[in-house]
Amino acid sequence: MSKNTNSAHSEQFYKEKHKEEMKHQVITFAMMIIFTIIAFGLVAGGFSKYFTIPVILVLAVVQFLFQLYYFMHMNQKGHEMPALMIYSGVFAAALTVLGLTTIVWW
Amino acid sequence: MTHDDMLRSDNLPHEPEKATLEGKNKFLGFWFFLGGETVLFASLFGTYLALKNSFGGTEGVPTTELYGLELVFIMTVLLLTSSLTSVYAMYHMKNHDFKKMQLWLGVTVLLGLGFLGCEIYEFYHYVHEYHHTFTAHAFGSAFYTLVGFHGGHVVFGLLWITTLMIRNAKRGLNLYNAPKFYIASLYWHFIDVVWVFIFTVVYLMGKVA
């Protein structure tokens, strides 16, 4: 009997926890939509490219982190290996893009 | 735990996607795969950036005239929303509500199909209005390889999620298929991550420069 009450309690606890996570994810979604609108707005507004390009790249990186940490649950515990793998991938990716874009200039 | 226990839908543990060794291994292995996918897409992005507006001896339409922002914006919102609906699906999976999970996965698939339809229209439009084809020039090849590869991922993701939904429709949620659903949703989020960089680097930066 006591075991039953316990599991009912923990179920309630997890339900609340999931609800809290969901709230964060909805906020994340709203912010990603806002960032997307800002990025498109900057380009449609015809600002200088030296201003627009860095800003939209930063917005993309922030959206990337939102997606990883909230939508793909990397903010939860037990995600050390996924973090290692994805950041190793990002490191190799940065080198690849850098290499391919600088080769053409020389 | 016996095999029969794993296939039972009642009394699922907290986080059913990581409750078994198989589930844990799938989770780790899939993140490893996503690290590799990141590098794969980076090589396509690098190639695109290097060959952007390279027409060689032929005539071509530069990015500033070719791309239209309205359609890309609609595609972005469709894919971003489908990412949220697959989060909803995983929320219901964690609460062990199989029917609602299936419902939200269904919405995800519909939004993904909408995105795919827009992309097919976009490519059709480029080919027929601007003669911007895969074999026309280096820019065309790089563009269709990058964006087409992402589109291919969308197709694969849609087939994957649909297959899981149909195959497990009568089984309900259990420890055997919870990791499968979870990993398919990770894949879907990754597709959206790649799209964030495509709309920024390809379309927005193409429109500015």
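Modeller: Let's start with a term: a pocket is an open set of grid points with protein on both sides within 12 Å along at least five of seven lines. Keep in mind that this is a predicted model.

Biologist: Okay, what volume does the largest pocket have here?

Modeller: The general idea comes first: rolling a probe the size of a water molecule over the atoms shows where empty space is left. In this case, the largest pocket comes out at about 1000 Å³.

Biologist: Which residues lie nearest its centre?

Modeller: Of the 31 lining residues, those are A:L57, A:V97, B:F45, B:L49 and B:V201. As for helices, α3(A) gives the most to this lining, with eleven residues. By class, the lining of the largest pocket has 27 nonpolar, three polar and one charged residues.

Biologist: And how do the lining residues of the second largest pocket divide by class?

Modeller: There you get three nonpolar, eight polar and four charged residues. This second largest pocket holds about 340 Å³ of space, and α1(A) contributes the most to its lining, with six residues. Among the residues nearest its centre are A:E11 and B:H96.

Biologist: How many cavities of 30 Å³ or more turn up in the whole structure?

Modeller: The search finds one, and about 50 Å³ of space lies in the largest cavity. Its lining includes A:H18, A:M22, B:M90 and B:Y91.

Note on methods
Residues numbered from 1 in each chain as written. Chains lettered and ligands numbered in written order. Predicted model: local features only at pLDDT ≥ 70, side-chain atom pairs only at ≥ 80, totals over all residues. Heavy atoms only, no water. 1 Å grid on protein atoms, 1.4 Å probe; cavity = no way out; pocket = protein on both sides within 12 Å on 5 of 7 lines; lining within 4 Å. Points joined across faces, edges and corners; volume = space filled by probe spheres on them. Helix = DSSP H or I, 4+ residues; strand = E, 2+ residues; numbered from the N terminus. Nonpolar A, V, L, I, M, F, W, Y, C, P; charged D, E, K, R; others polar.
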